[in-house]
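Hi there,

Here is the structure I promised to pass on. Have a look at it first, and then read my notes below.

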Amino acid sequence: MTDTTVDKTTADRTAVEFWFDPNCPWAWMTSRWVGEVARHRDLDVTWNVMSLFVLNEHQDVPDTYRERLTAGQVYPRIVTAARLRLGQEIVKPLYDALGEHIHHRQEQDPEQVVPAVLAELGLDADLLEDAWTDEVDQAVRASHQDGIDRVGQDVGTPVIAVEGTAFFGPVISPAPTGQEALDLWDGVVAVAKYPGFFELKRSRTVGPIFDTTD
């Protein structure tokens, strides 16, 4: 049955780029929203990694947080290693699988998460070698820098570019669905297109609310 409550009006395919660190629950929330919009709008989304470790490596952050960032590098690395070997089309399925384990199931140990995800997707286990070394770090940094260059250093993850107009966020919880998702998309893109617009923010009152039924 057709969902008549959703505006399905489409024009030409809209080019969207999305930069994420798989560790970030807020990027995960935003990615679910973009996925919902893509179900109803003709979006051509390219998924790219960025790295919270790289973003914060020269920042004064607590030691415990830096340790988490260092350990979390395994996730941008494994996505990058898979992309370099198998192409861009593997990035989204790999991100989806990692997010299911990391955010929905709240699994904390990369040494368990990464092999499980590779097995689920039928990917070669030897990709693990690149996850635990710096073999693909140059490619991780290049992808990260490409996103940061669009918006500046004073941001986090995710970064989204819609037909060349880039912005950080939005930071949302929970991820909206249906017409609400489309209304938010139209509003965010409209605001971001204004060249003199820089910031809109309010304090967070909830944490990431995951749709575990997705």
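In these notes, helices (H or I, at least four residues) and strands (E, at least two) are DSSP runs, numbered from the N terminus. This is a predicted model, in which local features need pLDDT of at least 70, side-chain atom pairs count only at pLDDT 80 or more, and totals for chains, interfaces and linings use all residues. Residues are numbered from 1 along each chain as its sequence is written, and side-chain values use heavy atoms, with hydrogens and water left out.

First, the overall picture. The protein chain has nine helices and four strands, arranged along the sequence as β-α-β-α-α-α-α-α-α-α-β-β-α. For 214 residues, a compact globule would have a radius of gyration near 17 Å, and the 17 Å of the protein chain agrees with that. (The radius is taken over C-alpha atoms, and the globule rule is 2.2 Å times the number of residues to the power 0.38.) The C-alpha trace spans about 45 × 45 × 35 Å along its principal axes. Of the 214 residues, 46% are buried, where buried means under 20% relative accessible area, exposed over 50%, and partly exposed in between (1.4 Å probe, protein chains only). Counting contacts as heavy atoms within 4.5 Å, residues 24 or more positions apart account for 75% of the contacts with a separation of 6 or more.

Now for Arg-41, which is found in the loop between α1 (25-40) and β2 (43-49). Arg-41 is buried, with a relative accessible area of 14%. Its side chain makes a polar contact of 2.9 Å with the side chain of Asp-186. By polar contact I mean a pair of N or O atoms within 3.5 Å; within protein, one must be able to donate a hydrogen and the other to accept it, and residues adjacent in sequence count only if both atoms are side-chain atoms.

Thr-30, in helix α1, is worth a look too. Thr-30 is buried at 0% relative accessible area. A polar atom of the Thr-30 side chain lies 2.7 Å from the backbone oxygen of Pro-170, and the backbone oxygen of Trp-26 lies 3.0 Å from a polar atom of that side chain. Leaving aside residues up to four places away in sequence, Thr-30 touches Phe-18, Pro-158, Ile-160, Gly-169, Pro-170 and Ile-172.

One joins Thr-157 and Pro-158, with omega about 15 degrees; Pro-158 sits in the loop between α8 (137-151) and β3 (159-162). Another runs from Gly-169 to Pro-170, with omega near 0 degrees, and Pro-170 is in the loop between β4 (165-168) and α9 (178-193).

The backbone also has positive phi values to check. Gln-106, which is not a glycine, has phi near 60 degrees; Gln-106 is found in the loop between α5 (91-104) and α6 (110-121) and is partly exposed, at 45%. Glu-163 has a positive phi of about 50 degrees, again without being a glycine. Glu-163 lies in the loop between β3 and β4 and counts as exposed at 54% relative accessibility.

Finally, Asp-130 is in helix α7 (residues 128-131) and counts as buried at 18% relative accessibility. Asp-130 touches Arg-77, Ala-81, Glu-135 and Val-136, not counting residues up to four places away in sequence.

Best wishes
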